[in-house]
Amino acid sequence: MGWVADTVHSFNSIQLREVFNQIITLGLIVSSALVIWKGLSCVTGSESPVVVVISGSMEPGFQRGDILFLHMSKDPIRAGDIVVYNIDVCTIILFLLFCFVLDVDFEMLSNIILSVSGKDIPIVHRVIEVHDRKNSEETYILTKGDNNDDDDRIMYNYGQKWLQKHHIIGRAVGFLPYVGWATIIMSDFPVLKYILLGTLGLLVLTMKE
Amino acid sequence: MHSLGYRANALLTFAVTILALMCCMASLSDNFNSPSPSAQVQVLNINWFQKQPNANDEISMTLNISADLQSLFTWNTKQVFVFLAAEYETPKHSLNQISLWDGIIPSKEHAKFWIHTSNKYRFIDQGSNLRGKEYNLTIHWHVMPKTGKMFADKIVMPGFRLPEEYR
């Protein structure tokens, strides 16, 4: 009866090996994605090298769901550049209140409501005014969305009139339409995200070869 | 090996690769276009010129802008964003750029235009250095592609001067 035990034993070891194999494959996929993302960060010098446009404030140039490639070079920021900067949620809530009280620009408001879910919201707007200080690195920057009637001062922190260099995450250099819709849909319906991740994980784990 | 999932995956990968390649080629094809745009700007009138209560100079002017940007358009061009900026140097600032007017050109047919306008955005200095100031007017354009790399360039028109006195 020795051969039965042998067969069972070898069967077990094969299964175990396969499971390990699948786990390693999964780990490989996850880590290579991370490496690519961080590598892009290094090359472009921007902490998030790709952003998804979430508002319609730059229409018709950029629409919701388009993606932008960012680059953060040493070149100074000049009027006309499309930059991405962060403002915190606190400001946006204040801004929303302000909008409700004054009943202004409802379109802009709805766009922002859609996007108040993350911690920092990257805003993609165009620079319309630049003042470079002499004898120091300071630069005063004013931005505006192409599709908005007014400049962005209303969205900056209370009393803040200018953006400085450190507010800016990157400058848009390239453009790809529609690709970001997946991200927008997933952030609007988080359940979808878990379903997708689960299915992908299962697929990888159960896939042969 | 030849299951439905495997084939679907192969097909999807192939389709995405081809699409990405076509996007790259469309973007690269923009490099073959060598545009020769032209633009003229005239300052017709200084409407008013004053010092704000917080000591910053502000000026309002009437401009006449004409430009022919038709050669910027290629088959991969979604729109051209064009703006006019005043650029000058002051003792405190090495460069001041203030956008005075901008516009979006959606198609080649609209790329040859002529406009008579007062400044759309406020021309305010950070300080009171505008009296008798020499400045450049610069037409900038940013070409937004249907996909790929964005292009930008400008035409600088030097030798404008603001009035010596507030009015």
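Predicted model: local features only at pLDDT ≥ 70, side-chain atom pairs only at ≥ 80, totals over all residues.
Reader: How many bridges join strand 3 of chain B to strand 4 of chain B?
Author: Residues are numbered from 1 along each chain as its sequence is written, while chains are lettered from A and ligands numbered from 1 in the order in which they are written. Helices (H or I, at least four residues) and strands (E, at least two) are DSSP runs numbered from the N terminus, and two strands pair if DSSP finds at least two bridges between them. Strand 3 (residues 77–88) and strand 4 (residues 93–105) of chain B run antiparallel, and the number of bridges joining them is nine.

Reader: Which residue in the turn between strand 1 of chain B and strand 2 of chain B has a positive phi?
Author: Strand 1 (residues 38–51) and strand 2 (residues 57–68) of chain B pair in the antiparallel sense over twelve bridges, with Trp48(B) opposite Ser60(B). These two strands of chain B form a hairpin with five residues between them. The turn residue with a positive phi, of about 75°, is Ala55(B).

Reader: How far apart are the C-alpha centres of the two domains of chain B?
Author: Chain B is divided into domain 1 (1–32) and domain 2 (33–161), with bounds from an automatic or database domain assignment. Six residues of domain 1 are in contact (C-beta atoms, placed from the backbone, within 7 Å) with nine residues of domain 2 of chain B. The C-alpha centres of these domains of chain B are separated by 41 Å.

Reader: Which element gives the largest share of the side of chain A that touches chain B?
Author: The contact takes 20 residues from chain A and 26 residues from chain B. The elements of chain A that give two or more residues to this side are strand 4 (120–133) and strand 6 (168–176). The largest share, six residues, comes from chain A's strand 4.

Reader: Which residue of chain B does Phe175(A) stand opposite?
Author: Strand 6 of chain A pairs with strand 8 (residues 148–149) of chain B in the antiparallel sense, over two bridges. Within strand 8 of chain B, the residue opposite Phe175(A) is Gly148(B).

Reader: How many of the 17 residues of helix 5 of chain A are buried?
Author: At 1.5 Å a residue, helix 5 (residues 190–206) of chain A should span 24 Å, and its end C-alpha atoms are 25 Å apart, which agrees; the expected span is 1.5 Å times one less than the number of residues. A residue is buried if 20 or more other C-beta atoms lie within 10 Å of its own, exposed if 12 or fewer, and partly exposed in between, with C-beta atoms placed from the backbone. Helix 5 of chain A is hardly covered, and its count of buried residues is zero.

Note on methods
Contact = placed C-beta atoms within 7 Å.
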